[in-house]
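I opened the model to look up its charged pairs, its sheet, its cores and its rings. My notes follow in that order.

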Amino acid sequence: MFKQPFFKYSFFILLAIDIAYALGIAIATSSPISGDTALAALVWFVTFYWLPVWAAAILIFYLRSKNINKLALEWLIVTSFMALGNTITDLTLTTLFDQYQPLGIFVIFNGLFWGSGIYLATIYIESKKKVVTEKHARKQAQLATLRYQLNPHFMFNSLNTISAYIHTNPDLADEVLHELADILRYSLDTAEQQFIPLQQELAIIEKYLNIEKARFGEKLQINYNIPTPLKNIKIPPLLIQPIIENAVKHNAQQTKLILNIAISTTDNGIKIIISDNGKGFNQHVLQQGYGKGVGMKNMQQRIQQLSNSKVMLSNNNGAVITLDITL
């Protein structure tokens with residue numbers, strides 16, 4: 001949890017605020033800077049800024065990991081911790097310095113004021129960072145998608161299939177060529193779209209499988225378990241197709257490769273389960289979430305940009321990929 005950038009940067013930001021605040025009070029009251037001033041500033045930093053903010057952040061990040069994202073709750077946590085911290089600060093300074101005047105009820109208002117300010121500033125920074133990250137990830141996803149669709153392995157096999165049938169079965173060669181053109185056009189046409197109907201994605205999967213079936217014949221089989229009403233829901237483009245392509249690529253030596261796509265609804269979205277009867281994922285891929293190729297890594301990055309969505313990899317007589325998508 002402490003790997004979060006928030007902890008690294010907040011420590012120094014809060015320290016700078018504390019020093020600036022202490023210096024500001026000293027200048028405003030024309031008080032000399034002494035050891036007592038430094039000690040008081042240290043107490044304020046530890047008991048009012050640093051520990052309460054970090055304690056609130058730890059609790060908030062924990063709740064977020066459990067998919068509990070409530071702005072009002074997070075604000076209440078921050079302001080409560082800040083008020084508690086101010087109470088501890090008040091008691092500590094009263095004990096250390098005889099001339100210190102306790103804040104009394106103002107510890108609550110102080111906690112509300114500083115807690116609200118720090119929380120709103122943090123939310124603003126997070127929102128700005130999220131926008132920048134989403135733009136970057138979207139651009140990277142588009143480039144990675146094109147790289148994946150146009151990878152030499154896929155293009156070479158498709159063109160080889162066309163070449164093999166162009167004289168013996170020109171109709172099939174023509175069909176494969178058209179399917180290939182449709183897939184490439186689809187990847188370009190959807191590059192700027194964030195969501196498309198599931199039916200559109202399924203159609204492009206069929207085109208891809210038609211190309212592969214021309215290569216593998218009846219050894220390749222796909223089963224769908226998708227309720228008709230769900231075919232109108234919208235998902236990110238080229239989300240499922242690269243997974244299917246990845247399964248075919250890594251299980252090309254199977255005597256018979258069976259692919260299964262099952263989609264069901266959840267309380268706040270849909271669950272997509274794609275499985276095969278191949279060799280499954282190795283331990284490294286299961287731990288990291290992707291291998292050396294760009295397809296799975298690209299999918300993981302795109303899913304992370306969807307609020308409260310996740311990808312789970314597992315093995316069950318083959319590879320199983322579960323996409324839990326919040327809509």
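I counted a salt bridge where a side-chain nitrogen of Lys or Arg comes within 4 Å of a carboxyl oxygen of Asp or Glu. The model is a predicted one, so I took local features only at pLDDT of at least 70 and side-chain atom pairs only at pLDDT 80 or more, while totals for chains, interfaces and linings use all residues. Residues are numbered from 1 along each chain as its sequence is written, and side-chain values use heavy atoms, with hydrogens and water left out.

**Salt bridges**

I found five salt bridges in the structure. I started with aspartate 182 and lysine 207, whose closest N and O atoms are 2.9 Å apart. Aspartate 182 sits in helix H6 and lysine 207 in helix H7, so this bridge ties together parts that are 25 residues apart in sequence.

Next I checked exposure: buried is under 20% relative accessible area, exposed is over 50%, and partly exposed is in between (1.4 Å probe, protein chains only). Glutamate 179 is buried at 9%. Lysine 207 is partly exposed at 24%, and aspartate 182 is partly exposed at 23%. Through shared partners, salt bridges join Glu179, Asp182, Arg185 and Lys207 into one network.

I then looked up arginine 64, which forms a salt bridge with glutamate 74; their closest N and O atoms are 2.9 Å apart. Arginine 64 is in helix H2 and glutamate 74 in helix H3 (residues 71-96), so the bridge ties together parts 10 residues apart in sequence. Is glutamate 74 buried or exposed? Glutamate 74 is buried, with 3% relative accessible area. Arginine 64 is partly exposed at 24%.

**The sheet**

I traced an open sheet of five strands, in the order E2-E4-E5-E7-E6, with mixed pairing. Strands count as paired if DSSP finds at least two bridges between them. Which strands stand at the edges? They are E2 (220-225) and E6 (310-315), each with a single partner strand, so one side of each has no neighbour in the sheet. From one strand to the next, the twist averages 15°. E6 and E7 (residues 319-326) run antiparallel and are joined by six bridges. Valine 311 has leucine 323 in E7 as its bridge partner.

I looked next at what packs on the sheet. H7 touches E2 and E4 (257-265), and its direction makes about 160° with that of E2. Helix H8 (residues 241-250) touches E2, E4, E5 (269-276) and E7, at about 155° to the direction of E4. These axes are lines fitted to C-alpha atoms, for helices over the stretch in contact, with angles from 0 to 180 degrees between N-to-C directions. Contact here means heavy atoms within 4.5 Å. Eight of the 10 residues of H8 are buried, so the rest of the structure largely encloses this helix.

**Cores**

I took a nonpolar core as a set of buried Ala, Val, Leu, Ile, Met, Phe, Trp, Tyr and Cys residues joined through side-chain atoms within 4.5 Å. The largest has 50 residues, and Ile240, Ile244 and Leu259 are among those touching the most other members. H7 (residues 198-216) gives the most to this core, with nine residues. A separate core has 24 residues, including Phe7, Trp54, Ala57 and Phe61.

**Rings**

I searched the whole structure and got 17 aromatic pairs. Rings of Phe, Tyr and Trp (its six-membered ring) pair if their centres lie within 6.5 Å; planes under 30 degrees apart are stacked, over 60 edge-to-face, and the rest tilted. Phenylalanine 11 and phenylalanine 12 are edge-to-face, at 5.3 Å centre to centre and 85° between the planes. Phenylalanine 11 and tryptophan 50 have centres 5.3 Å apart and planes at 85°, so they too are edge-to-face. This second pair links distant parts of the chain, from helix H1 (residues 5-28) to H2 (residues 35-65), 39 residues apart. Phenylalanine 12 is exposed at 55%, whereas tryptophan 50 is partly exposed at 24%.

Key:
Helix = DSSP H or I, 4+ residues; strand = E, 2+ residues; numbered from the N terminus.
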